[in-house]
Amino acid sequence: FYLEKKHPIVSCTGIDISELMIEKARQNIPNHEFICGDLFDLPSSLKEQYDIVTCTGVLQIFDELQIPIENLIETVRPGGILIVTGIFNNHDVDVRMRHRRNGRHGTWESGWNLYSTSTFESYFDKIHNIAKYDWHDFRMPFKLSEGPDPMRTWTIQTEDDPHQLVNGAGQVLFVKSCCIQVDA
């Protein structure tokens, strides 16, 4: 929706696992295609279909990354790019994170797994059609107030960052984008 308003595009396909979100997208942007699906089982018709593929804040919900990463890369046309944005760890440490609300009565939820940049790079290095990849740090440019949902991010001021992202699980979040160029 944002991209369409800022830079009208010729063709766009959105994919989400939630039929409700797909219906909302169809209502907001009726001139584009939307598919209900997931990254573990993308339709083969999407293979090498897109010049630019973006995946924002999604990969952290998965405990295993190889299949989703390979499937994303397969959707990119030769010479195109995949842009993955999310929380990443500069240290060589991966964390599978679970949280629950309301003490011991809540259901354990995922969604905040933290993977190291080196883990992503090891996947990229195994895929033969990747020409190169580059990491880009993101810094929140404004303050976000804490809201009623403790797992929605907000900002705090630190010595290094006036708008450091955090969440109610006590995680300090470092957001990065990785631009992956597919061989032409």
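Strands, as named in these legends, are DSSP runs of E with at least two residues, and helices are runs of H or I with at least four, both numbered from the N terminus. Every view shows a predicted model.

**View 1. The largest pocket and the elements that line it.** About 1700 Å³ of space lies in this pocket, whose lining is made up of 42 residues, with Cys12, Thr13, Gly14, Ile15 and Thr54 lying nearest the centre. Two or more lining residues come from each of helix H1 (2–6), strand E1 (13–16), helix H2 (19–28), strand E3 (50–56) and strand E4 (76–89). Of these contributions, the largest share is that of E3, which supplies seven residues to the lining. Sorted by class, the lining of the largest pocket holds 25 nonpolar, 11 polar and six charged residues.

**View 2. The second largest pocket, with the residues nearest its centre.** Here the space amounts to about 610 Å³, and the lining consists of 18 residues, of which Thr56, Gly57, Ile87, Trp112 and Thr153 lie nearest the centre of the pocket. Strand E4 gives the most to this lining, with three residues. By class, nine of the lining residues are nonpolar, eight are polar and one is charged.

**View 3. The largest nonpolar core and the surroundings of Phe120.** The largest nonpolar core has 26 residues, and those that touch the most other members are Leu59, Leu65, Ile69, Ile73, Leu82, Phe120 and Phe124. Two or more core residues come from each of E3, helix H3 (66–74), E4, helix H4 (117–126) and strand E10 (175–182), with E4 giving the most, namely four residues. When residues up to four places away in sequence are left out of the count, Phe120 touches Leu59, Leu65, Ile69, Val84, Phe88, Tyr115 and Trp135. Apart from this core there is a second, separate one of nine residues, among them Met97, Trp112, Leu114 and Met151.

**View 4. The largest cavity, with its lining residues from H3 and H4.** The structure holds one cavity of 30 Å³ or more, and about 30 Å³ of space lies in the largest cavity. The residues that line this cavity are Gln66, Ile69, Glu70, Tyr123, Lys126 and Ile127. Helices H3 and H4 are the elements that give two or more residues to the lining, and H3 gives the most, with three. By class, the lining of the cavity divides into three nonpolar, one polar and two charged residues. Ile69, listed here as a lining residue, is also among the members of the largest nonpolar core that touch the most other members, and Ile69 is one of the residues touched by Phe120.

**View 5. The open sheet of strands E7, E8 and E9.** Three strands make up this open sheet in the order E7-E8-E9, and their pairing is antiparallel. Strand E7 (154–156) and strand E9 (172–173) stand at the edges with a single partner strand each, so one side of each of them is left without a neighbour in the sheet. Strand E8 (residues 164–166) is joined to E9 by two bridges, and E8 and E9 run antiparallel. Within this arrangement, Val166 stands opposite Val172 in E9.

Notes. Residues are numbered from 1 along each chain as its sequence is written. This is a predicted model: local features need pLDDT of at least 70, side-chain atom pairs count only at pLDDT 80 or more; totals for chains, interfaces and linings use all residues. Side-chain values use heavy atoms; hydrogens and water are left out. On a 1 Å grid over the protein atoms alone, a cavity is a set of points where a 1.4 Å probe fits but cannot get out, and a pocket is an open set with protein on both sides within 12 Å along at least five of seven lines; lining residues have an atom within 4 Å of a point. Grid points are joined across faces, edges and corners, and a volume is the space filled by probe spheres set on the points. Ala, Val, Leu, Ile, Met, Phe, Trp, Tyr, Cys and Pro count as nonpolar, Asp, Glu, Lys and Arg as charged, and the others, Gly among them, as polar. Two strands pair if DSSP finds at least two bridges between them. A nonpolar core is a set of buried Ala, Val, Leu, Ile, Met, Phe, Trp, Tyr and Cys residues joined through side-chain atoms within 4.5 Å. Buried means under 20% relative accessible area, exposed over 50%, partly exposed in between (1.4 Å probe, protein chains only). Contact means heavy atoms within 4.5 Å.
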